[in-house]
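Open the structure in your viewer and keep the selection panel at hand. The stops below come in order.

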Amino acid sequence: MADLNAKPVLLHYRGWRGSLQGDGVASTFGFLAVQAALFGVAALVPSGLVRVLLLGVFLANFLLVSRSRAWPIARVALLMLFRRRLFWGLYALSITVFLCYFFGQYLMSWAQGLLGESEIRVGGVARVQPKWLLETLRDTLHFNGSPLTFRDFFWFEANTVMIALAFSGAVLIGNDFRYGSLAFYLAKPISIWHYLLGKGLAVVVFLNLFTTLPAVVLWVQFGMLESWEYFTEQSHLLLGILAYGLVLSTSLTIVLLAAAAWLRTTVPLIMAWMTLFVFAQAVSSALVDGLRFSPLWRLIDLWNCTYVIGNALLQADLSKIRPSPQPEVWQAALVLLGVCSACLSYLIPRVRAVEIVP
Amino acid sequence: MGPRGMQPASGGSRVTEPVPLIELQHLTRSFGPLRALGPLSCRLAPGRIGLLGPNGAGKSTLLKILLGLLAPSSGTGRILGRDLAHAGPELRRLIGYMPEADGLVPGLSGVEYVALAGELCGMPRRDASRRAHEVLTYLELGDARYRPLEQYSLGMKQRLKLAQALIHDPPVLLLDEPTSGLDPTGRDAMLELLDRLGREHHKSLILCTHLLGDVERVCNTVLILHRGQILAQGSVAELRASRQDRYILQIQGDSAGFREELALEGVQIVTDNTRGQWRVTVPHGFVTRAFFALAAHHGVLIRGLRADEESLEELFHRLLAEADLHGGPQR
């Protein structure tokens, strides 16, 4: 019989009878190896169709990331970003660039179909020559599904991406140092690599939402507007877009994580970020374009370094890179590699130094 | 069902003898030339263990080693059969760690935070979410579970930290100052929770605190560290009764002569409550029969005589003072 005088207990503690998953280190390395192999084979294979199929598998495989032990860290980090209105504002700004390209390509496809007509009346007022419109869209604005389309798209997205990354850095990793959340993560049965991978994954997803993903959508759109042959004949462009995205993701993620671990709070991070990417660009431009210094001075602008590498990956004509002159691709790659190595050599000891038991 | 900690690490055949919670053999940890810990040797059965020691005693170093965050410099150690030197993150699956510092993730709600802890421990997402609700309800945070962490009071944060330690139902809970900053009511509630987890749900607790009253209330075993070495270990009751030179006398009658006689025998009256109750310390070799003989000689009636147990606080301070006086334990 129940003891009526006993202190009421709403719910007794119950044990959990499930089994815990492993740390997934082997499967993570396996995943990375498979992805690298897929990408490598796609780069080497001569057939366009096979390349597209391989890259399709490569992209689809990223859905498996949600099974990684690092994914909860990335998911929570992204959740915290998505809950901020500022993020949606910046994303809307970024989407306008994408929509400009999306409808620009559509307009060009439409204008191509009207080449035979002498003039088009727009709104009953203006008269537009289809030939002139086509030339503007294709040769000036590069809405033509060529390497220049995607190169320009990445370049124009730079400003929004940089502002978004500066704001997100403090939320993604700076707060972990500032509020001691890092000790919470590292006291769990994960290694610091899970933590760094999780945070890096969040930045990669965030960054690619602004850059690679819309670029892939533009590539698919152009193929559907133009012809099915575009997919196979220009499959190297998809490879280039993904490779450019990979270079951007890897380098900017490492630099952002290191900067956020160092500065922690939003305002100093924005100032440092702007110095790194806006001020450096202005200085390099003034030195090279204004004072006619060596093009090597452009190497102080990291976004320009990724841009030069991206041009090479998209197989764009390197002699026509704007602004010119530019440093060599290998020089840009070397600088990027050096910066990333320096950032990692700061970041890893910084995370290791966190006192989980004070 | 017994606690999971009672199962052998390797699984397989049943064993009759419970696996010790902590087993250390000549374990040391040095930082450069400075030896912070050891050599430590001890064997502690699963239960509620208080880890005590002054600042710099090596408690934090020992906690880090137990959590697999720091490898021992030499010697061996096991926690529930798992090797401390090689288990690494695997150790933290067995242990729910409640840190002293907040360590909250700003922007998350209570249930998201606890579920995240579960996922990081390796629980499937759905299980982690369901279990987070259960644990928060058990810890009476059910109403606040959807509230952002920034709005939690100090007491709620302490419970939340306990919830994230309990999420994967570990056999061992490592609690670092669990009542730190709590008001008396909150402290009382937290200690009751811990006591219930230990007694009713067979969780092994390792309670690291400076509040000796907390240890006295919750723990049945203590491990006292000083200068990186074990100063005392054993059950709280045994340690408190270990001092054989203190008694409480209840007397009746004119005590002046009796008092003088006791002083001559080397007996010191520590306190006198003026209502006939004395706390006394006796010299080595003094037999309690002598109290009755002396009392009879002075016409005093002894109405009560019992050994005077030290409080844990008295025991702790006495052991530290003795260790400092004798210059040991040394690093």
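The tour goes from confidence to the chain contact, then to the sheet and the cores.

**Before you start.** This is a predicted model, in which local features need pLDDT of at least 70, side-chain atom pairs count only at pLDDT 80 or more, and totals for chains, interfaces and linings use all residues. Residues are numbered from 1 along each chain as its sequence is written, and chains are lettered from A and ligands numbered from 1 in the order in which they are written.

**Stop 1: confidence.** The mean for chain A is 87, and 96% of its residues reach 70 or more. Now select helix α14 (residues 329-352) of chain A, which has the highest mean pLDDT of the chain A elements, 94. Strand β1 (residues 120-122) of chain A has the lowest, 71. Helices (H or I, at least four residues) and strands (E, at least two) are DSSP runs, numbered from the N terminus.

**Stop 2: where the chains meet.** Show both chains. The contact takes 30 residues from chain A and 36 residues from chain B; contact means C-beta atoms, placed from the backbone, within 7 Å. On the chain A side, select α3 (71-82) and α7 (181-186), each of which supplies at least two residues. The largest share, 4 residues, comes from α7(A).

**Stop 3: the sheet of chain B.** Select its 6 strands. They form an open, mixed sheet in the order β6-β7-β8-β3-β9-β10. Strands pair if DSSP finds at least two bridges between them. The edges are β6 (95-98) and β10 (229-235) of chain B. Zoom in on β3 (residues 48-52) and β9 (residues 221-226) of chain B, which pair in the parallel sense over 4 bridges. There, G50(B) has V222(B) as its bridge partner.

**Stop 4: the cores.** A nonpolar core is a set of buried Ala, Val, Leu, Ile, Met, Phe, Trp, Tyr and Cys residues joined through C-beta atoms within 7 Å. Buried means 20 or more other C-beta atoms within 10 Å of a residue's own. The largest core has 176 residues; A260(A), V114(B), A163(B), L174(B) and L207(B) touch the most other members. Helix α11 (residues 235-263) of chain A gives the most, 18 residues. Finish on a second, separate core of 12 residues, including Y247(B) and F291(B).

Terms used: pLDDT is the predictor's confidence in each residue, from 0 to 100. Two residues are in contact if their C-beta atoms, placed from the backbone, lie within 7 Å.
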